[in-house]
Amino acid sequence: MRTQRQVVDYALQRRALLAGVHSGRVGTYEVCEANPYLLRAAKFHGVPTEVTCPVCRKEQLTHVNWVYGEELKHASGSARAPEELVRMSTMFEEFSVYTVEVCRTCSWNHLVQSYVLGTGGVRAPKPRRRTAAE
């Protein structure tokens, strides 16, 4: 997306957590705890990926995009499809997007990426009216 900025990738954190799970230092019950709302959002608003779940290895992961921002009002804290993000990025000045990967089988979930979208001052200023003196 053209207006995507302040991108943070959580791949190193994910890798460290999975290393702990595979070595036995971290139990699967600690990392496979997606709440029902997240699982439902994955079902209806998620984007399927080609990546197999690193914990159960039974299903492909689903990415869910969560949006937050003061300007969003009641829509803040909701899951949105990528098409909606594109539309919203032209309507609002600034909001944050958090992409979470979810396994709908074992409830593994982890934050993948966060970034900011919006016009961010890119919009052309409204032309001001001319006065009679001008």
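# A walk through the chain

At 9% relative accessibility, Trp-66 counts as buried (under 20% relative accessible area; over 50% is exposed and in between is partly exposed, with a 1.4 Å probe and protein chains only). Select Trp-66 to begin. The model is predicted, so local features need pLDDT of at least 70 and side-chain atom pairs count only at pLDDT 80 or more, while totals for chains, interfaces and linings use all residues. Residues are numbered from 1 along each chain as its sequence is written, and side-chain values use heavy atoms, leaving out hydrogens and water.

**Stop 1: the aromatic rings.** Tyr-37 and Trp-66 form a tilted aromatic pair, 5.6 Å centre to centre with 40° between the planes. Rings of Phe, Tyr and Trp (its six-membered ring) pair if their centres lie within 6.5 Å; planes under 30 degrees apart are stacked, over 60 edge-to-face and the rest tilted. This pair links distant parts of the chain, with Tyr-37 in helix H3 (residues 36-45) and Trp-66 in strand E3, 29 residues apart. Helices (H or I, at least four residues) and strands (E, at least two) are DSSP runs, numbered from the N terminus.

Next, select Phe-92 and Phe-95. Their ring centres are 6.3 Å apart and their planes stand at 85°, so this pair is edge-to-face. Phe-92 is buried at 18% relative accessibility, and Phe-95 is buried at 1%. By the same rule, the count comes to 3 aromatic pairs.

**Stop 2: helix H4.** Select residues 82-91, which make up helix H4. Which residues of H4 are buried? They are Leu-85, Met-88 and Ser-89.

**Stop 3: the cysteines.** How many disulfides are there? The count comes to 0, a disulfide being a pair of cysteine sulfur atoms within 2.5 Å. Select Cys-103, which is in no disulfide: the nearest cysteine sulfur, that of Cys-56, is 3.6 Å away. Cys-103 is buried, at 0% relative accessible area. Then try Cys-106, whose sulfur is 3.6 Å from the closest cysteine sulfur, in Cys-53, too far for a bond.

**Last stop: the whole chain.** Zoom out to see 4 helices and 6 strands, running β-α-α-α-β-β-β-α-β-β from the N terminus.
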